[in-house]
Amino acid sequence: MNDERERGVGFFGEVLGSDMAEGFRDHIGSDDFGAECATWSADFAFGTVWTRPGLDRKMRSCVVMGMLMALRQTEELKYHVRIALANGLTIGELQEVLYLSVPYAGFPAANSAKQAMKAALREIELEEKDT
């Protein structure tokens with residue numbers, strides 16, 4: 001495995017947990033449909049961009065969530081709520097990112113984001129109750 005991929009899988013495991021990281025690692029290089037996207041994600045997004053110096057993880061989470069909100073990428077946003085919490089953002093800070101999206105992305109995009117974020121937080125809360 002190359003350095004970028006190792007850093008990417010390591011980062012993925014830190015922010016989403018070892019079970020998800022193992023599933024991610026198993027998908028990389030497999031013959032599963034779309035597996036090459038996981039490889040690119042591990043190498044470039046997580047292994048190169050997320051691990052660059054210059055911005056801390058909290059700032060990167062804020063930027064990514066803002067972009068996902070504007071693009072209405074609600075399924076991806078749910079993962080990034082988890083990542084943001086693992087990167088140290090508080091619920092209050094998540095709300096501030098949401099509120100900041102309103103004047104720039106518009107109310108419809110912010111409403112979609114709010115629903116996705118609430119769903120992610122409910123899922124996390126249920127998982128924590130089960131453990």
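**Close-up 1. What covers the buried residues of helix α1.** The cover over the buried residues of α1 includes α2 (18–27), α3 (35–49), α4 (57–71) and α5 (74–86). Contact here means heavy atoms within 4.5 Å. The model is predicted: local features need pLDDT of at least 70, side-chain atom pairs count only at pLDDT 80 or more, and totals for chains, interfaces and linings use all residues. Residues are numbered from 1 along each chain as its sequence is written, and side-chain values use heavy atoms, with hydrogens and water left out. Helices are DSSP runs (H or I, at least four residues), numbered from the N terminus.

Close-up 2. Arg 5, Gly 8, Val 9, Phe 11, Phe 12, Val 15 and Leu 16 are buried in α1. They cover an arc of only 160° around the axis, which puts them on the same side of α1. The arc is that of the directions from the helix axis to the C-beta atoms. An α-helix has 3.6 residues a turn, so residues three or four places apart point the same way. Asp 3 and Glu 14 are exposed, on the face turned away from the buried side of α1. Buried means under 20% relative accessible area, exposed over 50%, and partly exposed in between (1.4 Å probe, protein chains only).

**Close-up 3. The ends of α1.** Asn 2 caps the N-terminal end of α1. A side-chain oxygen of Asn 2 lies 3.2 Å from the backbone nitrogen of Glu 4. Just after α1, Gly 17 takes a positive phi of about 95°.

**Close-up 4. Salt bridge between Asp 43 and Arg 5.** The closest N and O atoms of this pair are 2.7 Å apart. Asp 43 lies in helix α3 and Arg 5 in helix α1, so the pair ties together parts that are 38 residues apart in sequence. Asp 43 counts as buried, at 16% relative accessibility. Arg 5 also counts as buried, at 18%. A salt bridge is a side-chain nitrogen of Lys or Arg within 4 Å of a carboxyl oxygen of Asp or Glu. By this rule the count comes to 9 salt bridges.

**Close-up 5. Salt bridge between Arg 82 and Glu 123.** The side chains meet at 3.8 Å, N to O. Arg 82 lies in helix α5 and Glu 123 in helix α7 (residues 107–130), so the pair ties together parts that are 41 residues apart in sequence. Glu 123 counts as partly exposed, at 35% relative accessibility.

Conventions
Helix = DSSP H or I, 4+ residues; strand = E, 2+ residues; numbered from the N terminus. Polar contact = N/O pair within 3.5 Å; in protein donor to acceptor, adjacent residues only side chain to side chain.
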